[in-house]
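Hello,

I am handing over the structure below. My notes on what was found follow it.

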Amino acid sequence: MDTASARAFIHDLAAFGVPVVLFSGGEPLLRDDLLDLATFAVERGLRVVLSSNGTLITDDTARELGRIGFAEVGISLDGMEAVNDRFRGRQGAYRAALEGIRNCVKHGLRVSLRFTITRLNFREVPSIFSLAEREGVERLCFYHLAYSGRGSTLVQEDIGHIQTRQTVDTICELTQDLHRRGLPKEVLTVANHADGVYLYLRTKETNPERAEYIYALLKRNGGNSSGVRIGAVDPVGNVHPDQFWWQYSAGNVMERRFGDIWVDTSDALMSGLKDRKGLLKGRCGRCQYLDICNGNLRQRAEAVYGDAWAEDPACYLTDEELGIK
Ligand code: SF4
């Protein structure tokens with residue numbers, strides 16, 4: 001999309017009532033008009049968020065991001081220096097990203113670190129917590145791996161169920177430790193809503209009252225919302241159910257308005273995602289926690305089983321925990 005098309009698209013988003021636009025990539029700051037588009041979005045009442053590798057966020061750029069009113073700047077960091085640079089395939093990427101983080105913090109921007117959990121880096125989680133504490137980062141987002149693309153080789157990069165559970169335990173314990181020390185940070189896990197169920201079950205063992213409060217919050221959130229409250233639009237205007245589901249498009253915003261594409265129930269996948277409970281199969285179809293998980297990441301089921309309604313292969317909870325006979 002050129003600048004005029006991107007502006008028209010943002011205008012449609014605002015008219016449709018979309019509350020937040022997250023500029024992501026690739027690397028969004030490679031677009032010369034990114035800051036103009038963000039300004040245009042803010043002027044139309046949209047909340048803007050940036051997701052970047054951080055390497056292009058100079059002192060001047062950070063000042064501009066603050067002036068425009070970015071609500072949050074997400075910066076990807078997938079480990080400490082050696083691991084991150086190997087992960088990113090570029091020496092110096094860690095130092096450049098750290099510079100970007102420091103520039104954002106200096107200009108009062110809310111920074112969120114984005115870490116994708118894989119076999120290569122899951123042991124780095126404690127170091128990422130320490131870095132966030134040291135650098136004044138307010139938010140940590142841990143992404144479970146989505147297997148973008150059918151038959152994706154990314155499946156091999158994922159950690160198994162036992163390690164996933166241990167990693168989520170580590171994230172919970174380090175988060176509690178920050179709170180105990182009076183240094184609360186917002187810590188999220190992304191792309192595996194079984195985490196919500198696990199957090200509920202884990203808390204229930206020691207604090208049933210708090211567990212019910214957690215359950216109520218998770219229920220209000222409703223679990224995975226790909227194709228419902230989250231959507232992704234790629235650089236040529238194709239609309240996808242989420243940021244992981246690039247191989248499927250429900251339409252193109254250069255041809256139809258985003259809102260018209262979004263509410264079009266003639267698209268089987270999009271309408272199924274909006275009311276998926278009756279379509280789910282396997283363990284997800286029999287799970288008693290659908291209200292708070294909503295069948296997890298459908299794209300992962302599609303990538304592994306070729307069926308968007310199959311069970312999510314990354315659910316690490318046991319049948320016993322899920323109440324499945
Ligand atoms: S079985 Fe499916 S719906 Fe239930 S917790 Fe696991 S991923 Fe979520």
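Helices (H or I, at least four residues) and strands (E, at least two) are DSSP runs, numbered from the N terminus.

On the helix 8 side the contact involves Gly196, Leu199, Tyr200, Thr203 and Lys204; helix 9 contributes Pro208, Arg210, Ala211, Ile214, Tyr215 and Leu218 (contact: C-beta atoms, placed from the backbone, within 7 Å).

The model is predicted: local features need pLDDT of at least 70, side-chain atom pairs count only at pLDDT 80 or more, and totals for chains, interfaces and linings use all residues. Residues are numbered from 1 along each chain as its sequence is written.

The ligand is surrounded by 16 residues, the closest being Cys284, Cys287, Cys293, Asn296 and Cys315 (near: C-beta atom, placed from the backbone, within 6 Å). Helix 8, helix 12 (282-286) and helix 13 (290-293) each give two or more residues to this shell.

There is also an open sheet of six strands, in the order 1-2-3-4-5-6 with parallel pairing (pairing needs at least two DSSP bridges). Its edge strands are strand 1 (20-23) and strand 6 (186-190). Strand 4 (residues 111-116) pairs with strand 5 (residues 139-143) over five bridges, and Thr116 stands opposite Tyr143.

Regards

Conventions
Two residues are in contact if their C-beta atoms, placed from the backbone, lie within 7 Å.
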